[in-house]
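Welcome, and thanks for taking a look at this one with us. Below is a short briefing to read alongside the structure.

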Amino acid sequence: MTNKNEKDRSISEAVDSAINHFGDNREELIPILNHVNRILGYLPSEALEEISKQLKSSRSQLFSVASFYHMLSTKPRGKHVIQFCESAPCHVVGGREVWQTLKEAVNLEEDETSPDGKWSLITTSCLGLCGVGPVIVIDDDAYGNVTPEQIKDILAKYSD
Amino acid sequence: MMKYFRTHVLVCVDPECLSKGAHDILDALNDELVATGLIDEVQVLETSRIGACSLGPEMMVYPEGVHYAGMTVDDIPYIVEEHFLKGRVAQKFILPIKQIKDEELTAPTAKEIRVVLRNCGVIDPENIEDYIAQDGYMALAKVMTEMTADDVINEIKKSGLRGRGGAGFPTYLKWTFTKQEKNDTRFVICNADEGDPGAFMNRRVLESDPHSVIEGMIIAAYAIGARQGYIYCRAEYPIAVKTLNIAIQQAKGLGLLGENIMGTDFSFDLEVRMGAGAFVCGEETALMNSIEGKRGEPRPRPPFPSVKGLWEKPSNINNVETYANVPQIILKGAEWFASMGTEKSKGTKTFAMAGDINHTGLIEVPMGITLREIIFDIGNGIRDNKEFKAIQTGGPMGGCLPKEYLDLPVDYESLVQAGSMMGSGGMIVMDEDTCMVDIARFFMEFTQEESCGKCTPCRVGTKRILDILERICAGHGRQGDIEQLEMLCKEIKQDSLCGLGQGAPNPVESTLKHFRNEYEAHILEKRCPAKVCKALIRYQIIENTCTGCTVCARNCPVNAISGERRQPHSIDPDICIRCGICVQVCNFNAIEIV
């Protein structure tokens, strides 16, 4: 019960802070969703409901937008989100091997979250860091020229 | 009293260097300087790109002008002691820099010209005064004081500037169409949703010279009579968004944006809008839907954006690079701009070179340069002395051109005629080891994934093409597959609503045209000539070369290799998963792919 209350509170806090920042204007929907997604790690249906009330738009409309963009997630994400750049320039400089090692290291396939909630593994479109491919991003940290051998050390930095 | 520092250390915090640990270097430097008591003598500053981020992290030490690269956190105490304490240059971190040339900042080669990239790395992007010192906002002043709106459009017309987003529509025409519409509200939009994999020309301009884009947009707004503008930047570029917001604030502070610009009665405001990760939003009508807070799906055209664009108002939408060209055209004159390029394609174009080429990175070249000059003179040829096989221009919806096209001039018309396109400027070079069917499959996977799903030919058609290509690569190609692919390509091109669907078949069509024999080898002979497609290759051990050292057997993840010590080993093809580890670990080159 307490957990649920706490969750509801953090959801409404996230929504309020987004609306305070961007205003309750339908046109600001994408910045609002980005903001909430960033705070909560994903967009729980309770959050979409709250936003839909405040913006006076239907939930179906909100959901259609939330599900359209890659960076918005309607599924819970792990504590640390690993993004792997799957674009051609990274692919041709050894990305495939890095991806393989990464999947094995966290024991996840694309778009999966580990049962203990620590990791989510997703792919991202080109980050424009092509000069230092292959590139992976964990939370807000980008790692360039990644080799399969480095994966273990990089992941170890996120030990919490 | 101002502090005096005997030494300044500039650490590059370009996103590429950050990805190689620049933040840790900064922390380590500061810690070490505190520990050695040098913190009051040596100042550490953050700076934009210095040169060779691919060897990063990198830093520059002044007044000596010593350029270090490739150090790790553990090397910092050594550098601090050697250089800052003992005054000796730490040679071992200087060496690698000489071995690489970074096209973005070293002096351009003879065939390059810097127009759009002229300020990149030269000025501090977060300081508007740096830009002003390079003649920044002089063009705007000229427009405000000496030119009418029609004068501006005329000058752009004479210059021959065409859209740098890829389609190459004459810029002055777009401006004229938007201006002609009878409406009190018009918008100016900048498309900074640079989504093509491997293309990061716009990111560089936005992060290193944001004011050139802003100035270009203000001039466009003046010419068409707009009061409000938007820069739509993709969320994958957080640093570009941050830099733009700083630049906009500074321009507002100096009265270059906002009410009564430069004391005239012209007012214009600018806002940055961020995407949320959708490739299709680079399409202009999808982009406008996204700004409005909707799904980024394209709208049917006509009506074109210049008639009914953002919120149904007349809107002029241009690419980052197009706007960045505008101030210089105004300042140096249309004739100067038109003196570069070919008859129909004027000026310069930036490209991002990637793939199997010696010098990857950004270049800026005059239109009309040949692919051969780009690849061999500027890019310094193919890596590892391999043979050139193909170049893909125009991003994931561009075509792959074989060596017969190396002397093709790079301009809008020639590229389209050859079955490719200019696109926003990504170029991927492929060597002899590339399987063209696999490449077509790879790009199809991308466009199929990024199809927004609004129209059926694109949504279903790209999936069908991908299914067939996957089947061919998996060794299950059938008679008639090629004909079916050709039919699908034609239909999707004809019947799709936006550029994504219309362009998606290009990689398939162009590889079918130029590398048909590779498709046939896959389908009819179940053979991958480039030895890439795993289902069609087999690893085997060359008996005479194998020494029986057992390294391969010990490293094989599925125990597919057997053999006695000091006896030739063998690979069981039924167990082998074609991971290639055995080839990597063999010291005697005793494993071949057949």
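A helix axis here is a line fitted to C-alpha atoms over the stretch in contact, and angles run from 0 to 180 degrees between N-to-C directions. Keep that in mind for the helix pairs further down. The model is predicted, and the predictor gives the complex an ipTM of 0.88 and a pTM of 0.85.

**Confidence in chain B**

- The average pLDDT of chain B is 91, and 97% of the residues score at least 70.
- Please read residues 96-105 of chain B with care: pLDDT stays under 50 there. For this stretch the model has 28 contacts beyond four places in sequence.

**Chain A at a glance**

- Chain A contains 6 helices and 5 strands. Starting at the N terminus, its elements follow the order α-α-α-α-β-α-β-β-β-β-α.
- The C-alpha trace of chain A spans about 50 × 35 × 25 Å along its principal axes.
- Two domains are assigned in chain A, with domain 1 covering 2-66 and domain 2 covering 80-156. Their C-alpha centres lie 29 Å apart.

**Where the chains meet**

- Chain A brings 33 residues to the contact, and chain B brings 34 residues.
- On the side of chain A that touches chain B, the elements giving two or more residues are helix 2 (29-40), helix 4 (59-66), helix 5 (88-106) and strand 5 (141-143).
- Which of these gives the most to that side of chain A? Helix 2 of chain A does, with 5 residues.
- Sorted by class, the side of chain A that touches chain B has 20 nonpolar, 10 polar and 3 charged residues.

**Domains of chain B**

- The assignment for chain B lists domain 1 (7-99), domain 2 (128-338), domain 3 (348-431), domain 4 (436-524) and domain 5 (538-593).
- Between domain 2 of chain B and domain 5 of chain B, the C-alpha centres are 59 Å apart.

**Helix 17 with helix 18 in chain B**

- Helix 17 (residues 436-450) of chain B and helix 18 (residues 456-473) of chain B have axes that come within 9 Å and cross at roughly 150°. Angles over 145 degrees count as roughly antiparallel, so helix 17 of chain B is roughly antiparallel to helix 18 of chain B.
- The crossing of helix 17 of chain B and helix 18 of chain B is left-handed.
- From helix 17 of chain B, the residues that meet helix 18 of chain B are B:Val437, B:Asp438, B:Ala440, B:Arg441, B:Met444, B:Glu445, B:Thr447 and B:Gln448. Their partners in helix 18 of chain B are B:Thr462, B:Lys463, B:Ile465, B:Leu466, B:Leu469, B:Glu470, B:Ile472 and B:Cys473.
- By class, this contact of helix 17 with helix 18 of chain B has 8 nonpolar, 3 polar and 5 charged residues.

**Helix 9 with helix 13 in chain B**

- Helix 9 (residues 201-208) of chain B packs against helix 13 (residues 320-332) of chain B at an angle of about 50°, with the axes 9 Å apart. That angle makes helix 9 of chain B oblique to helix 13 of chain B.
- Helix 9 of chain B and helix 13 of chain B also have a left-handed crossing.
- Helix 9 of chain B makes the contact through B:Met201, B:Asn202, B:Val205 and B:Leu206, and helix 13 of chain B through B:Val320, B:Glu321 and B:Ala324.
- This contact of helix 9 with helix 13 of chain B has 5 nonpolar, 1 polar and 1 charged residues by class.

Note on methods
Residues numbered from 1 in each chain as written. Chains lettered and ligands numbered in written order. Predicted model: local features only at pLDDT ≥ 70, side-chain atom pairs only at ≥ 80, totals over all residues. Domains from an automatic or database assignment. pLDDT = per-residue confidence, 0-100. Contact = placed C-beta atoms within 7 Å. Helix = DSSP H or I, 4+ residues; strand = E, 2+ residues; numbered from the N terminus. Parallel < 35°, antiparallel > 145°, perpendicular 65-115°, else oblique. Left-handed = near helix turned anticlockwise from the far one by under 90°. Nonpolar A, V, L, I, M, F, W, Y, C, P; charged D, E, K, R; others polar.
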